[in-house]
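I set out to record a few features of this structure in my notebook. The entries follow the order in which I looked them up.

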Amino acid sequence: MDPAGQSPPGTLPGEESPEMDLSHRFSKEELALLYEEVLYTIHHRLGKPEQQHVGDSQELYSYVQKAFGMDAEEHSVIMRQVMELESPIYCLKATVKEAKGILGKDVSGLSDPYCLLGIEARSQEPAHPDHKKRMKAVVKDLIPEDQIHRTQVINQTLSPVWNETFILEFKDVETASFHLDMWDSDVVESMRHKLGELTDLHGLKRIFKDARKDKGQDDFLGNVVVRLKDLHCWNDQWYQLEPRTETYPERGHCHLQFLLTHKKRATTSSRTQPSYTVHRHLLQQLVSHEILQHQAGSTSWDGELSRHASTVLYLHATQKDLSDFHQDMARWLAYSKLYQSLEFNSSCLLHQMTSIEYRWVQERLRPEQKAELAESFQSLLTYGVSLIRRFRIIFPLSVPRSTERLQSLLRVLVQMCKTKAFHELCTPSPDLPQMVSTALKSGTTEWFHMQKQHLKPMVKSIEENSKALSKLLLEVIEDLKQCQKIWNKLFSTNLKLNIFSIAYLELESLVAEHVQEQLHKVDSSMSRPTAESLFDLYRKLQELYQMKESLPSRDGPLALSNFHQWFEEALPLWLQKAYTTALERAQRAIQMDQLKPYGYHKHSTSTVDLSTCYAQIMTTWKQLNWPDPEKAFMIMVNLLEDMCKISLMYCKLIKERAEALSLSEQNEGEAANKLCIVVNNIEQLRLLMLKLPSQLDWAQLEQRMRGIIDPQQIQNALHNQLDSTVACLDHEVRDVVQALATKLEKGIARHIQELSSSSDTQKPEDSIIPLMKFLESELQYLNEHLVQENFKSLLTLLWHHTLSVLSAAQGPQVPSVQHCQRLFCALKSLELCFHAEGCGLPLETLHSAAFQTLETHLALCSASSRKLIQKYFSNRIQQQLDTSSEKYGAVTIKALYRPSEQKLRVEVLNATNLIPLDSNAHPGAPARVSRGGGPDHPVQEERAAPPLRRSLRLLDPLGEVPAGGGLSAADRV
């Protein structure tokens, strides 16, 4: 990826071709000078190789030859030039940091230590391990005085800290050795002063020892000898102080730091350019090679250098004596520049930036270095924002780890803008969120126009333009979904930006402008194909507009607020298309229907297809979701009218289909089966129609219509129309059920007739067996083929017909007892059959007035005389119990008339509720019984009954009614 954003053919955005040679980024002369520098570094390497580095120089030569793209001849020429160059001055940068546990030589038990150090040109071989001999020679005796370096004296301590650095030159690393002596500085003091510092017996011994030596002579504390060829390029460790004698073998330790460096390097780059600049160029070249050699591609390279590259860069940095800060700065400058040409894992940038921030001290940099660092910040910021502007292309979700790459870039930019170096060098500091927001807006506009151009149709017809618009909107919606679900989290976390809101407001405005521009080209008298293509466009715009719910609060309307008005001319054609499609599908379904049960259901396939047609119409309503309430109401009315028309058409055609199939098969049983399927289909259709108010959410529509359309108009246009259609379907169901019932009524009448004419000697239970078998067979068949509602309707019709046939079977004359018993047994058996233990008709339906009348009559006619008499008297007793009290009370009598003697025998049984006439509130008068011929005949005889005895049961002398009978209300006195 270059700064212009163009990638070589066959590569992903943001990647380079693996065959691409990056050496052109330096001129040929610059590359040759840099190659000379790296060969010089390898040729004059110092120190033992680190464990993780490459020790073989030939391997390093081969590596840099590949990294710089040099052929064998070029390599040989430059190598000869390097060999002819003057060798650098080899230096040991020694830092005496501190010591611990040294000997106390003063009277106080402490010392005043200082160090003498230098390089001995000829190294002394160490003693054999079995015969260790201490090296007694000191620095003063081995090294010329002008090459000896001395640290400061640290007074009165056994743990001195110096942190002093010295540059020691040497010629041959193989023979040179580093020497350090530590001494206790001895200043001439008076005996009184020494006695004042005396603290113990050892101090007194030191006073006597000092008295024997020369005045001002320093005490030896220990030494350190290190061969330079045993050192790595950089060493930092504690060394044990060695004694000259065996007196005090434990003399403490000294902390030393060594760095093997060069001075006066003869290469052109070292003589003409700052060290960190040369190191940055070398780093840039090697990292470019590492990225291109990475197997998985540049975007997955995480900054891990090979052993060869790490060795070369380590040698160069140590030989040039680059500080950690300048190395970090060189790496930052190299990596930030490379990132703008070869995209890699930006966590490498984050690591270098963190290192600079940790070590940042502005005064360390010269003005040109500050300018260079500031320019790298500005360049990376500009480039990073340009990548964010084109993030849809640079970080496509189809490429693995794109989100991680963008996340890493955002973190780098955010952290960079927060660093002290950025704020001090880049003034005034830019507003990163504002820059990114502006870039996202412009990038969104560019992406939209690019997509619009890409989807531009080859044939410029209205239909093709509509299809292209729909595809464009599909891309826009998908992009916004990605912004909302994926990208928004990244930008919100790092920059507090809502990328979905930014992208939506830009795209919504662009889409509205572009769609209106295209719709103006559509003629008012549009064709059906044009209208159909516009429906898909309408749905896409609707989906896009509904995404506004995810926006934060916003003032003012959107450009798509009234987009539905752009399609008002196409709306009638859309509704007509929905009706035509449903009607044609329903007609085809009826033509293909064989009127056989569909799966485990009792209806056929045409009902399933019709249900699908209605579902499609309801889907059309939901897809339209017309914002204008009044217009939405008219749409609902039209859709309901269409579904009602289809329903009535279906009833007509399905019955015709059943008749046609029945005629072709000439089978009465199959004809009944077809009728069962027809009635089930119509019942299923009726249920579908009844669900329309809830499925189409009429309640919500009526709420929207409140205050706009009169409720009575809604009732007339929707509910009444639906009720009328459902009533028609109910009528159709009843007609078909009646046709089925008619087929069974003849069989029932025949079997009841046979029952009536059967012999009186035959038991009633046996005579009804043919009727019950007939009903069991037929009703079981119908129950299996009819839905429950229709089966119960059929049972109701058959029950009423059966009652009428049983009533007619009694005949005009008085039937015999046996005849009535057969009919009564049939009635009770039919009651059980039609009730079917609660699975059939309910008892309330069975026990109609006609049933009760017939049951009572047949029960009387089929009963014996004894049962009739018992029933008569039971009724009379119940009648007496139910009769209310008379004004003067009541008396119970039993009368018997003997025709032969022409005498009426009357027996007075009891009385109740008589009126009290005596002073003690008890009745005492006798009862009188007279005989007469009626109102026109005078009383012929009158007798008095004995007075009733007094009773404690007030007004109820006997208190019970005898079982023999009683008088009616007319006979009571």
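Entry one, the helix pair. I noted at the outset that I am working from a predicted model. I looked up helix α20 (residues 571–592) and helix α21 (residues 605–624), whose axes come within 8 Å and cross at roughly 170°. Angles over 145 degrees count as roughly antiparallel, and α20 and α21 are therefore roughly antiparallel to each other. I then listed the residues that meet: on the α20 side they include W574, R585 and I590, and on the α21 side they include D609, C613 and L624. I recorded the residues of this contact of α20 with α21 as twelve nonpolar, three polar and two charged.

Entry two, the second largest pocket. I found about 900 Å³ of space in the second largest pocket. Its lining comprises 33 residues, of which Y314, A317, D324, Q327 and R331 are the closest to the centre. Among the elements that give two or more residues to this lining I noted β1 (89–100), β8 (253–263) and α9 (307–319). Helix α11 gives the most, with six residues.

I located T318 in helix α9. Is T318 buried or exposed? I recorded a relative accessible area of 7% for T318, and buried means under 20%, so T318 is buried. Leaving aside neighbours within four places in sequence, I found T318 in contact with C233, L259, L260 and T261.

Note on methods:
Residues numbered from 1 in each chain as written. Predicted model: local features only at pLDDT ≥ 70, side-chain atom pairs only at ≥ 80, totals over all residues. Heavy atoms only, no water. Axes fitted to C-alpha atoms, helices over the stretch in contact; angles between N-to-C directions. Helix = DSSP H or I, 4+ residues; strand = E, 2+ residues; numbered from the N terminus. Parallel < 35°, antiparallel > 145°, perpendicular 65-115°, else oblique. Contact = heavy atoms within 4.5 Å. Nonpolar A, V, L, I, M, F, W, Y, C, P; charged D, E, K, R; others polar. 1 Å grid on protein atoms, 1.4 Å probe; cavity = no way out; pocket = protein on both sides within 12 Å on 5 of 7 lines; lining within 4 Å. Points joined across faces, edges and corners; volume = space filled by probe spheres on them. Buried < 20%, exposed > 50% of the residue type's maximum accessible area, 1.4 Å probe, protein only.
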